[in-house]
Amino acid sequence: MTTSSSPPLVALDVPSTPTARRVRLGIADTAALTRRDLLIWLRNPAFIFFTIIQPVMFVLLFRYVFGGAIPVTGPYVDFLMPGIIAQSAAFASFGTAIALARQLQKGVIDRFRAMPMARSAVLLGRLVADTARLVVTLLVILGVGYAVGFRFNDGAVPALLMMVLGVAFGVTICTVSAYVGLAIKDEESVGSFGLVWLFPLTFVSSAFVPVTKMPGWLQAFAKNQPVTVVIDEMRNLALGGPLALHAWQSAVWLIGIAAVFIPLAVRAYRRAT
Amino acid sequence: MPSRGSRVQRWRKAAFTSSRRDDCVARAVTPLEIGASTVDDGRNTSGVDTASRSGAHPGNGRRAAAIGAQRRQGEWDGPAIYVEDVHKSFGEVRALRGVDLVVERGNVLGMLGPNGAGKTTAVKILTTLLRPDRGRALIEGRDVARSPAAVREIIGLAGQSTAIQEELTGRENLEIMGRLYHLDSETRHRRTGELLERFDLVEAADRATKGYSGGMQRRLDLALSLVAWPQVVFLDEPTSGLDPRSRLAMWDVIREMVASGTTLLLTTQYLEEADALADEIVVIDRGTVIAAGTSQELKSRIGGDVLEFDVVDRGRRDEAVAAMRGLSEADPLVDGETSRISLRVGADGSRALVETVRRLDALDIHTEGLGIRRPSLDDVFLALTGHGAEDEVTNGAKGRRRRRGAGRARARREEQGSRP
C-alpha cells in the first residue's frame, strides 16, 4: 500500500457550480430541511408542550393569579398580551438551540456536511421551520388572550404589525439560540444555559410589570434592553401610542443582534464536528 | 429471509433497472461520455458484471449535479481512494502522522485499529468533514480539500454518527434524504421502496424509528447513506455496539452492497469483521499505517500456529508467562482484556504443547482451554501494535521510530523478542 512506486496522480480539475444553480439547489435543500424540522415538531409531544401549552399556561397564570396585584393603567390583560407574546417568542428559541445541539451530538450535522448540500441550508431550514412554529404559537396565544378579554385597541394594521414584530423578534432570538446550541453542543447544558440568559432578559423587562415599579438601578437596564424596547413598540401597536421612537430602536436592536449572531452561528456550524 | 443468492440477484437487478437505464434516457449523452463509458467497461476487470457495477454510479439523470461528476469520472482511471502522506493534528495531539492508502475501484478496505488510532479522523478527512494539515486525498480523482463539493456528490457515509431522525418513520427518513440529494419524486419513491426492501425494513417502514432495534437503526442508517448511489462508501465502525446476531445481519447487507460494485472503506475494532468483509486490511496505530495487505498476507506474516490457554488462578498468570519463555523463538503475549496467554510456536506445535503441559504441571499451574490453533487476525494485531490495550502506551513510545509499515512492525516484534 505504499505509493512511492506509482506515478504521481493529478487530481481532476472540477469546475465550480454556477451560482444560479447553487442558489436553486440551496433553496431546495432549505425547503427539504424545513419540512423535516416541521414534521419532527409535529411528532414530538414535548416540543408541542413547550411551544404551545407552556405559553398558554403563562397567559392564564398572569391573567388570573399575578395580574390582579400588578397596577397598570388600563386592564392588565391588555398590558400583558404584547409582553407575553414577545416572551413566548423568545422562549420558543429554546427549541432551536436544543434541536441543533442534539443533531450535532448525534452526528446528524456531520452527515449533512458530508452531503452535497448548501452549507447554509441546515441553519436556514431551521429558521424557516422555527418561524412557522412561531407563527402558530403566537396565534394560539393570541386566541387564548382574546378568550380571556384581550382586545386590540388601535385597528387591524397595527395589530398585524404587532404580530409581525413579535415573530421578527422571535426569529432574531432564534439566531442567538442557534449560535448557543452549536457552540455549547450539549443538549442539557444548552437547556440550562437558555434559562440563564432568557429568564432575566424577558422578566427584567416591561413584559409583565411596568418598568417604573422596579428599583432605580434595575430600571436603567430594564428600560434600555432590547426586550423592553420591542415590547413597548408592540404594546403601542396593540393599544395605541407613540410608535416612532421604539420603532427605530427595535429595528436597530433586531438588525444588530442578527448581524452579530448569524455570522457567529454560521461559523459555529462550519467548525462543528 | 430469502437465501443469500436470490437477495444478491435482486440487488443487482434493482441497481440495473433503477439507475443505469434512467441514466441513459434522461441524460444528454456527449461524445466524451461515450468514450468514457467504453473506458469504464474496458477497465472492468474486478469480476463484477457491468450492470451491477453501474449500481455504484450516481444514478439519477435528473440530479443535475451528478451529470458533470459522471462525465468527468471517465477521465479518472486512478484508484477510487488515493491518500498520500496525510497529516492531521488537533493542537498538541497528532491524530494522523502521514497516512498513505490506495483502494482500487470496487474493493473493500478494512481499516483496523484500537480506539484513538486515528481511524475516525481519517474517515472525516476523506469525507470532507476535516481538512488535512498536509498531504492530499483523492476520491475518484477529486481532491477532498480543493473540491469538497465534488467529493460529496459521490460518497456515502454511515457508522458512528447517525442521520436518522428518530421521531420520523423509516420511510420518511429515506424520503427526506432523497429530497436532500435532489432526486425527483418518482425516483425518490422508487429508491425508498428498493432500499426498504433490500435492508429488510419493509414491515417497519411506517413506524417511528425510535422504536427500531439497534440493528434496524444501523441498517436504516446505511440505507440513508446509499440513497444517491454513491460510488465510494465510508462506514465508520458500522457494527460497534451491536449484538452478535445483528452484527452478522449487518455484515450480510454490507456484503450485498459490495457485490454491486461499490468501493468501500470500513473502519473497525473488530478483527473478525475486517477479516469477514475486507479485500485488503490496513492496520492503523497512533496515526500511521503499520501494516497493510490481505487478511491472508497479514496472517502469514505471523507464521505458524498459536498455542494459547487461560490460567485458572489469575494470580499465577505471570508465573505461567515466565515459565513459557524460551519455549519458542517468540515471547508469550498476554491479552489485556481476557488475560489469555498466547505464544507463536511456528511449525512445531505438538512439541510446544507437550512442553507447555510439562512446565506448567511442574509448577502446579492449572490451565483452561489449552490448545493450538491457526493464527487469527488478533494475533497479527497483537504482534503489530505490541500487546493488548494495557501495554499500549509504553509500547507505543518504544515503537516510535522512523520506520514505516512492515519495517516498523518487524522492529517492534524484534524488540519484543529480545526483551529479557
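Two residues count as in contact here if their C-beta atoms, placed from the backbone, lie within 7 Å. The model shown in these views is predicted.

**View 1. Helices H7 and H9 of chain B pack together.** H7(B) spans residues 170-180. H9(B) spans residues 214-225. Their axes come within 9 Å and cross at roughly 20°. Angles under 35 degrees count as roughly parallel, so H7(B) is roughly parallel to H9(B). The crossing of H7(B) with H9(B) is right-handed.

**View 2. Side by side: the residues where H7(B) meets H9(B).** H7(B) brings B:Gly170, B:Asn173, B:Leu174 and B:Met177. H9(B) brings B:Leu220, B:Ala223 and B:Leu224. Of the residues in this contact, 5 are nonpolar and 2 are polar. None is charged.

**View 3. Strand E1 of chain B pairs with E2(B) and with E4(B).** E1(B) and E2(B) are antiparallel, with 8 bridges. B:Val86 faces B:Val99 in E2(B).

**View 4. Chain B touches chain A.** Chain B gives 45 residues to the contact, and chain A gives 29. Several elements of chain B each supply at least two residues, including helix H4 (64-73), strand E1 (81-90), strand E2 (93-103) and H7. The side of chain B that touches chain A has 21 nonpolar, 11 polar and 13 charged residues.

Key: Residues numbered from 1 in each chain as written. Chains lettered and ligands numbered in written order. Predicted model: local features only at pLDDT ≥ 70, side-chain atom pairs only at ≥ 80, totals over all residues. Axes fitted to C-alpha atoms, helices over the stretch in contact; angles between N-to-C directions. Helix = DSSP H or I, 4+ residues; strand = E, 2+ residues; numbered from the N terminus. Parallel < 35°, antiparallel > 145°, perpendicular 65-115°, else oblique. Left-handed = near helix turned anticlockwise from the far one by under 90°. Nonpolar A, V, L, I, M, F, W, Y, C, P; charged D, E, K, R; others polar. Pairing = 2+ DSSP bridges.
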